[in-house]
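Please keep the sequence and the structure in view while reading.

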Amino acid sequence: MKAAADRITGCIRKMSSKTKADLLPLQGEPWKKWSEKLKYVKKTSKFKSLQEQSLIEIEMNEARKVQLQMCKDLGAFMKILIETIVENLQFDTELTVLFACLKIYFDEQSRNILPEYLARYESKWHELKSAHKDKDSATKINELKRELRDHEYELAEASFGFEHLCREMGQMYEAIIECKIKDTAELESYRKVLPQIGVKLLLLGFSLELMDGDTATVPFHWIQAVLNELTKSVNDTKILVLSVLGLQSSGKSTLLNTMFGLQFAVSAGRCTRGVYMQLVPVLDERKPYKYVLVLDTEGLRAPELGREKYRHDNELATFVVGLGDVTIVNVKGENTSEVHDILQIVVHAFLRIKLANDRLNLQQKCVFVHQNVSATDAKTNLIQQRQKFVETLDNMTIEAAGEENIRDIKTFSEVIEFNIDKDVYYFPDLWYGDPPMAPANPGYSKCVQKVKHELLLPSLVTGRQTYLTITDTISRISDLWVGILKDDFVFGFRNSLEVKAYNSMEKQCQQLKWSLEKYVFELTTSEAKIILMKCENDYDLEKSFSNIVDDFTVQIAEKMKGLCKKLDAFVDKSSLKDVMIQWTDTQKHTFKMLAQNLVQKANSDICITKEEIKIQRLKERGKMNHEREINKLATKLAVKMQGQNPSRDELEEKFDHVWKSWINNLNLKDDIEVDSIDNQIKKLLRKKFLSFTAFFGDEQIMADPLPCLERSIAVDSIVEEHYRRFNYIKILFWKESNVRCKIVDVINETFKKIDRRLLEIESQDIRFNIVYVTEIMNAQ
């Protein structure tokens with residue numbers, strides 16, 4: 001098989017940062033563009049009209065079609081690779097040798113060329129550092145930053161491993177499936193054999209990428225196909241999913257390699273990118289599961305991710321902890337401060353995902369492994385630190401549950417199973433002394449084997465009597481991934497305290513914004529109208545309009561400054577001031593943008609009012625003139641058509657032509673584009689209830705209007721999901737029917753107030769304004 005491997009690698013002329021793009025084009029721009037669009041279109045916090053959503057989906061389909069064309073024009077490298085693997089699918093030894101040879105080759109090539117690109121990156125980084133120190137011009141600094149980003153991209157592209165070949169096959173399968181095209185026998189053969197190759201990789205002990213490290217996206221069709229194909233080889237057997245989580249360079253991959261004899265990549269820095277899975281058979285027939293699915297993840301808090309690290313890490317952590325039956329939280333040393341921030345977000349995300357998807361039954365367990373703690377009595381001496389750590393997690397869990405109005409969750413272990421006495425382990429360092437000449441420490445391996453033995457005991461694994469099958473695992477991957485894509489609210493925060501601070505600040509800002517909107521609305525509908533109505537002629541009307549707009553612009557600017565001062569006062573008085581301060585400037589900027597938008601809207605509304613006054617006066621002054629003019633035009637038309645016997649359609653066509661020409665002569669302004677009422681209300685709801693958008697349904701607004709809202713909700717339509725999350729002690733002793741009746745009473749009381757306000761607005765015979773909806777939502 002060495003000859004076969006040489007034949008495959010012979011297609012590569014010279015390794016460089018462009019090699020990956022040339023040999024593996026499907027995982028390039030089309031895949032990155034598709035992933036970006038997927039995350040945007042699935043976000044519930046971003047309103048998208050049906051037209052916009054349709055356009056995005058068209059762009060996603062176009063990206064897949066580009067990939068499909070690449071499949072049809074597949075290069076010699078991938079063709080020979082797939083053909084060679086397919087020819088040897090039945091020969092495990094030959095395939096193992098082939099995969100090993102390819103892995104060794106690409107690892108060696110990467111080691112040879114990476115130092116050159118790393119040196120370029122470091123050189124440019126030093127240039128940028130010197131430019132900052134010498135206080136060079138902003139133009140030069142920005143240019144150096146751009147060049148640094150280019151070198152960083154080249155460094156990432158120069159890293160070419162065996163995992164990229166597997167990713168390319170996955171993208172080929174995704175493109176063929178999503179485009180649903182079977183126009184060639186070659187594509188159909190790829191659709192059948194690619195999942196078989198993925199299964200063979202897992203069964204031979206190689207890892208398969210579960211989450212793409214470059215785009216942080218799960219290629220679900222590919223993963224689903226591989227796991228479904230796996231059931232044909234090992235049946236739909238039960239498995240234990242074990243995942244690892246920890247900071248960058250904390251020894252996660254080394255731990256898994258030592259525990260199971262695997263070969264996950266290890267080195268300093270961000271070696272693993274994304275999430276990889278590897279299948280380990282269980283030989284002990286007494287175990288209730290036949291395989292352990294091991295998940296290795298990239299390091300958290302990687303500095304190269306920059307500002308995106310919180311969102312990226314929180315999404316990754318939620319995914320792997322949610323997928324794992326047991327998660328090993330790997331910590332280097334004794335300090336757990338960085339890890340407990342991530343766990344808080346995981347707990348908060350679990351609560352929200354579970355509320356949004358009742359099918360997802362998350363019963364996870366985590367254990368903590370502290371590496372590089374050589375003291376043999378560390379577990380006894382550090383008990384106070386562990387207790388303080390758990391106390392912090394419990395408090396943050398209560399905060400997270402409180403933000404979601406869940407009153408019956410009081411501890412971290414109610415969400416993720418954790419025993420402070422049994423689930424914390426302390427390891428010595430892997431090496432005696434400093435590598436590379438230091439010998440390995442046997443004590444490290446003994447500690448790893450002890451943890452492995454205890455983790456795999458059925459009685460200690462989450463206390464479960466049953467385990468998920470491979471098919472169940474596919475469903476869990478789907479539910480978790482969809483939940484993470486939809487509910488993007490909490491992932492941008494560092495911890496639960498930030499979520500609480502943001503929600504509190506956002507609530508105050510909503511009230512301040514409403515006060516400004518209400519102020520401007522009253523100016524335009526009352527004060528401006530009174531001034532315009534007093535004008536005696538069109539000249540005065542235009543002059544007053546200009547003066548009103550100028551005055552209102554100044555008044556709105558002053559009011560906006562007042563809002564900023566009120567926000568500062570609110571933050572200063574808050575106990576969460578130190579957390580809120582990071583968003584103060586952003587919120588002030590939103591006030592400024594709102595003020596600018598309100599000035600434009602006020603200008604538009606006052607202009608409409610002015611035109612309405614003109615029309616009314618025109619109607620009053622020229623009613624008789626218009627009647628004479630219409631009669632004159634009608635007589636002229638009748639004379640012109642005398643002796644003819646036109647049909648009704650011809651008469652209507654003639655009339656419409658004359659009517660339009662007459663209306664055009666009135667010179668009325670009607671060029672204002674208005675968004676549909678449906679879209680205006682949906683946008684407002686998403687803006688007002690940002691943290692609840694994941695719970696919004698996809699239902700369209702009812703086509704048939706209701707005469708009134710009160711009593712439109714029946715008691716039978718209230719189901720358990722509507723009140724289960726609000727688990728107050730007070731209602732625990734009520735009958736279920738009483739709970740439903742009470743809910744309907746509250747709804748009807750609210751609807752009654754809304755009906756009353758809607759009748760008042762309707763009686764005034766005025767056009768729709770989104771402010772009326774805002775007013776109803778802010779009513780106390």
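A residue is called buried when its relative accessible area is under 20%, exposed when that area is over 50%, and partly exposed in between. By that cut-off Phe 319, at 0% relative accessibility, counts as buried. The model is predicted. Its chain has 780 residues, of which buried residues make up 45%, and its secondary structure comes to 24 helices and eight strands. Of the contacts between residues at least 6 apart in sequence, 77% join residues that are at least 24 apart.

**Phe 319 and its surroundings**

- Phe 319 belongs to helix H12, which covers residues 309-323.
- Leaving aside neighbours within four places in sequence, Phe 319 is in contact with Leu 210, Met 211, Val 218, Ile 477, Leu 480, Trp 481 and Ile 484.
- Trp 481 stands 162 residues from Phe 319 along the chain, yet the C-alpha atoms of the two are separated by 7.1 Å.

**Aromatic pairs**

- A pair of aromatic rings is described by the distance of the centres and the angle of the planes.
- The whole structure contains 14 aromatic pairs.
- One of them joins Tyr 105 and Phe 106, whose ring centres are 5.2 Å apart with 75° between the planes, an edge-to-face arrangement.
- Tyr 105 has 22% relative accessibility and therefore counts as partly exposed, whereas Phe 106 is buried at 0%.
- Phe 368 and Phe 418 form another edge-to-face pair, because their planes stand at 70°, with 5.0 Å between the ring centres.
- Phe 368 lies in strand S6 (residues 364-371), while Phe 418 lies in the loop between strand S7 (416-417) and strand S8 (424-426), so this pair ties together parts that are 50 residues apart in sequence.
- Both Phe 368 and Phe 418 are buried.
- Tyr 105 and Phe 106 also belong to one aromatic cluster together with Phe 77 and Phe 160.

**Charges over rings**

- The ring of Trp 34 has the charged end of Arg 64 over it, 4.1 Å from the ring centre.
- The ring of Phe 545 has the charged end of Lys 610 over it, 4.5 Å from the ring centre.

**Packing of helices H5 and H6**

- Two packed helices are described by the angle between their axes and the distance between the axes.
- Helix H5 (residues 76-87) and helix H6 (residues 92-133) have axes that come within 10 Å and cross at roughly 150°.
- H5 and H6 are therefore roughly antiparallel, since an angle over 145 degrees counts as such.

**Positive phi angles**

- Most residues other than glycine have a negative phi.
- Ala 216 has a positive phi, near 55°, and is located in the loop between strand S1 (208-211) and helix H10 (220-234).
- With 11% relative accessibility, Ala 216 counts as buried.
- Asn 235 likewise has a positive phi, near 65°, and is found in the loop between H10 and strand S2 (239-246).
- Asn 235 is exposed, its relative accessible area being 55%.

**Two further helix residues**

- Thr 19 is placed in helix H2 (residues 19-23) and is buried, with a relative accessible area of 6%.
- Lys 232 lies in helix H10 and counts as exposed, at 64% relative accessibility.
- The C-alpha atoms of Lys 232 and Val 199 are separated by 9.7 Å, and the two residues are 33 residues apart along the chain.

Note on methods. Residues numbered from 1 in each chain as written. Predicted model: local features only at pLDDT ≥ 70, side-chain atom pairs only at ≥ 80, totals over all residues. Heavy atoms only, no water. Phe/Tyr/Trp six-rings, centres within 6.5 Å; stacked < 30°, edge-to-face > 60°. Buried < 20%, exposed > 50% of the residue type's maximum accessible area, 1.4 Å probe, protein only. Helix = DSSP H or I, 4+ residues; strand = E, 2+ residues; numbered from the N terminus. Lys NZ or Arg CZ within 6 Å of the ring centre and 35° of its normal. Axes fitted to C-alpha atoms, helices over the stretch in contact; angles between N-to-C directions. Parallel < 35°, antiparallel > 145°, perpendicular 65-115°, else oblique. Contact = heavy atoms within 4.5 Å.
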